[in-house]
Amino acid sequence: MPATVVVGTQWGDEGKGKFTDLVAKEMQMVVRYQGGHNAGHTLVVDGESFKLQLTPSGVLYDHIVPVIGNGVVVDPKVLLAEIDMLNSRGIDTSRLALSGNAHLIFPYHQQLDALHERHLGAGKLGTTKRGIGPTYADKAMRVGIRVQDLLDPKIFRAKLDTALRHTNVVLAKVYNRLPVDADEIAAQYLDEYLPRLQPHINDTVGLIHEGLEAGQGVLFEGAQATFLDLDHGTYPFVTSSNPTAGGVCPGAGVGPKHIDRIIGITKAYVTRVGSGPFPTELFDEVGDYLVDVGHEYGTNTGRKRRCGWFDAVMARFAVRVNSLTEIAITKLDVLDQLETVKVCVGYDHNGEHLKHLPYHQSVLHAVTPIYEELPGWKADISGVEERHDLPREAENYLAFLEEQIGCPIHMVGVGPGRRQFLHFAA
Ligand code: GDP
Ligand code: IMO
Ligand code: MG
């Protein structure tokens with residue numbers, strides 16, 4: 001069975017967790033390939049809600065091997081708390097595999113994240129303050145510390161000292177803060193975390209390839225999303241990794257030829273947390289409606305999400321940069337009570353009609369969305385189980401989106417629950 005990728009097509013929180021859980025049913029392995037606990041993926045099973053930050057969303061199934069790949073940045077404290085939470089709710093986490101090559105997040109990364117945000121003032125990025133950026137920065141600077149370093153206390157300590165030689169100068173001289181104590185960190189990571197992490201530490205590249213070679217279904221679960229991608233997103237208002245489907249290759253250690261199903265998870269409208277451009281953002285009562293009815297508050301940080309109409313320009317870009325083979329539309333039910341629904345079909349820039357995303361961000365900041373307005377369906381679709389039971393207007397909305405995006409819609413979410421979705425595939 002080939003490899004499948006679930007990837008967010010907007011600014012995150014599209015419902016990747018729910019659809020990963022759904023697709024995982026037919027898989028044997030679910031792999032996170034980037035990001036860290038800046039992610040918050042919600043699964044609702046039999047009315048019970050699970051919020052996952054690091055553990056792959058397939059963990060709820062007994063038959064799945066959940067894998068945290070080399071491209072992920074891991075805060076052991078958060079991972080262990082998540083394992084405890086899952087165990088206390090009867091979920092077996094013993095199969096969880098953690099890449100020895102994944103980089104570790106330390107408290108000083110989180111401190112630097114918060115300090116850097118303050119330093120940016122009005123230009124702040126609105127990060128989750130989880131230390132994601134500083135950890136990836138250390139990785140790129142080659143002073144990062146990997147999970148495997150925990151297995152050799154001498155190496156761990158030497159690397160920690162090297163990292164702190166620079167970090168402590170920055171903390172003291174740039175931010176006027178106290179230096180970090182290496183002994184304290186070493187005790188925490190080696191004595192407290194390592195004994196519990198050790199059974200999970202593995203060669204995940206080998207594991208994934210053994211699975212692929214045995215014909216198993218391997219599902220790669222993206223965190224964040226296309227427009228938060230370090231290379232393709234609305235830089236600098238992005239995260240520090242590559243959530244786009246290509247990020248699977250370095251982030252999990254598989255070549256592109258293994259991947260042939262790429263599912264773009266796409267909300268029926270658009271949301272964003274944090275700063276940055278957002279052409280279809282709404283500041284009116286419809287925006288408030290989407291926040292309220294869609295419960296658009298961050299899974300982790302509780303921050304209110306900015307909301308706006310569906311943006312087909314963004315969706316077309318996501319199809320291109322991810323090579324999407326199909327789309328899953330989520331949260332269609334949130335639009336249930338609206339009289340009309342709008343879709344941004346292009347951008348107007350000084351009288352010019354743009355069908356595709358402008359590469360220059362100043363242009364993106366200056367565009368005005370061009371909308372098509374469609375009739376709403378004014379009906380509760382959360383209990384609909386078959387496509388043919390959808391109101392005609394909802395079908396029309398989806399058909400219009402499909403035509404605009406240029407990629408087939410194969411699944412549609414009509415509620416948060418595991419069973420609240422419709423199959424659209426032919
Ligand atoms: P993720 O980060 O992409 O996994 O998404 P989040 O979990 O942060 O946010 C998506 C929210 O929408 C969660 O609360 C989900 O339970 C919920 N959700 C997912 N799909 C649907 C859907 O089709 N309808 C509704 N009403 N809620 C959904
Ligand atoms: P999931 O996987 C939504 C946003 C932050 C900020 C920017 C950079 O749940 O979709 P970071 O802490 O990564 O350096 O913050 O990225 N962000 C997310 N927004 N969903 C997420 O994850 C996000 N992860 C990061 O709000 O704007
Ligand atoms: Mg989320």
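Mentor: The largest pocket is lined by 45 residues; nearest its centre lie Asp113, Thr127, Ile132, Gly133 and Ser240. This is a predicted model, in which local features need pLDDT of at least 70 and side-chain atom pairs count only at pLDDT 80 or more, while totals for chains, interfaces and linings use all residues. Residues are numbered from 1 along each chain as its sequence is written, chains are lettered from A and ligands numbered from 1 in the order in which they are written, and side-chain values use heavy atoms, with hydrogens and water left out.

Trainee: How much space lies in the largest pocket?

Mentor: Rolling a probe the size of a water molecule over the atoms shows where empty space is left. A pocket is an open set of points on a 1 Å grid over the protein atoms alone, where a 1.4 Å probe fits, with protein on both sides within 12 Å along at least five of seven lines; lining residues have an atom within 4 Å of a point. The largest pocket holds about 1,000 Å³ of space.

Trainee: Which helix gives the largest share of the lining of the largest pocket?

Mentor: Helices are DSSP runs of H or I with at least four residues, and strands are runs of E with at least two, numbered from the N terminus. The largest share, six residues, comes from H4. H3, H4 (132-141) and H5 (153-174) each supply at least two residues of this lining.

Trainee: Which protein donors does the magnesium ion (ligand 3) have?

Mentor: Donors are N, O and S atoms within 2.8 Å of the metal (3.2 Å for Na, K and Ca); water is not among the atoms, so sites may look incomplete. Here the protein donors are Asp13 (OD) and Gly40 (O), lying 2.0 to 2.2 Å from the magnesium ion. The pair links distant parts of the chain, 27 residues apart: Asp13 is in the loop between strand E1 (3-8) and H1, and Gly40 in the loop between strand E2 (29-32) and E3. Asp13 is partly exposed, at 23% relative accessible area, whereas Gly40 is buried, at 13%.

Terms used. Points joined across faces, edges and corners; volume = space filled by probe spheres on them. Buried < 20%, exposed > 50% of the residue type's maximum accessible area, 1.4 Å probe, protein only.
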